[in-house]
Amino acid sequence: MEEIDSAQSSKSKVMTIAALAVLTVIAGGGGWLVGQLLAPPPAAEKTEAVAEVAPNATGAEGLPKIATEANGVVQLDPITTNLAYPSENWVRLEVALQFKGIPDVALAEQIHQDIAAYLKTVSLQQIQGPRGFQYLRDDIQERVDLRSDGRVTNVMFRTFVIQ
């Protein structure tokens, strides 16, 4: 009697494991199928032109490398600098500028340097919290408006990190 129970028990375990394996395969296949149906097809290579500033933009002169996109958006290189107070804190800011018409790369370089110089004068207390961040955005937008004489319509903050 004990041998029959043992045989049925091992047969039962094998059947349970087989059923779980089949269900796992079915669930994986179903998930893949649903993913294929819902996910958009992968995009072909971008046809937008990506241009870099000058060949010497990444050279020893320290000029920013700037990428322009077909829709008048210029993405500036990340700006990393320490704050005025406390000087141990660093800020990293990635900004993109949207131009009216054709982007002006030389102007974008000037704006990049202007923003970097401005961030060196800001203290941590000035940019803490949502209100401080909004003040920073407003200040940078105002500086860009003054520098560009209205040629830059939008300043887009891509990343903002304080460390």
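Buried means under 20% relative accessible area, exposed over 50%, and partly exposed in between. The model here is predicted.

Q: Which residues of H4 are called buried?
A: Gly132, Leu136, Ile140, Val144 and Ser148 are the buried residues of H4.

Q: How do you know that the buried residues of H4 line one face of the helix?
A: Viewed down the axis of H4, the buried residues fall within an arc of 130 degrees, so they line one face. Residues three or four places apart in an α-helix point the same way, because there are 3.6 residues a turn. On the other side of H4, Pro130, Arg131 and Leu146 are exposed.

Q: What do the buried residues of H4 pack against?
A: Their partners are strand S4 (90-99), helix H2 (105-119), helix H3 (124-127) and strand S5 (152-162).

Q: How do you know that the end-to-end distance of H4 agrees with its number of residues?
A: Helix H4 (residues 129-148) has 20 residues, and at 1.5 Å a residue they should span 28 Å. The expected span is 1.5 Å times one less than the number of residues. The end C-alpha atoms of H4 are 28 Å apart, so the two values agree. Just after H4, aspartate 149 takes a positive phi of about 55 degrees.

Q: Why is aspartate 114 called buried?
A: Its relative accessible area is 16%, and buried means under 20%, so aspartate 114 counts as buried. Aspartate 114 sits in helix H2. Leaving aside neighbours within four places in sequence, aspartate 114 is in contact with Arg143 and Arg147.

Q: What makes aspartate 114 and arginine 143 a salt bridge?
A: The cut-off is a side-chain nitrogen of Lys or Arg within 4 Å of a carboxyl oxygen of Asp or Glu. For aspartate 114 and arginine 143 the closest N and O atoms are 3.3 Å apart, and the pair forms a salt bridge. Aspartate 114 lies in helix H2 and arginine 143 in helix H4, so the pair ties together parts that are 29 residues apart in sequence. Salt bridges that share partners join Asp114, Arg143 and Arg147 into one network.

Q: Why is arginine 143 called partly exposed?
A: Its relative accessible area is 32%, and partly exposed is the range between the buried cut-off of 20% and the exposed cut-off of 50%.

Q: How many salt bridges does a search of the whole structure find?
A: The search finds four. One of the salt bridges joins aspartate 104 and arginine 151, with the closest N and O atoms 3.3 Å apart. Aspartate 104 is in the loop between S4 and H2 and arginine 151 in the loop between H4 and S5, so this pair ties together parts that are 47 residues apart in sequence. Arginine 92 and glutamate 94 also meet in a salt bridge, at 3.0 Å from N to O.

Q: Is glutamate 94 buried or exposed?
A: Glutamate 94 is buried, with a relative accessible area of 15%. Arginine 92, at 35%, counts as partly exposed.

Q: Why is leucine 38 called exposed?
A: Leucine 38 has 69% relative accessibility, and exposed means over 50%, so the label is exposed. Leucine 38 belongs to helix H1 (residues 2-38). Trp32, Leu33, Val34, Leu37 and Leu38 form a nonpolar surface patch, with about 600 Å² of accessible area together.

Key. Residues numbered from 1 in each chain as written. Predicted model: local features only at pLDDT ≥ 70, side-chain atom pairs only at ≥ 80, totals over all residues. Heavy atoms only, no water. Patch = residues over 30% accessible without salt bridge, like charges linked within 9 Å, V, L, I, M, F, W, Y side chains within 5 Å. Areas by Shrake-Rupley, 256 points an atom, 1.4 Å probe, with all protein chains shown as cover. Helix = DSSP H or I, 4+ residues; strand = E, 2+ residues; numbered from the N terminus. Buried < 20%, exposed > 50% of the residue type's maximum accessible area, 1.4 Å probe, protein only. Arc of directions from axis to C-beta. Contact = heavy atoms within 4.5 Å.
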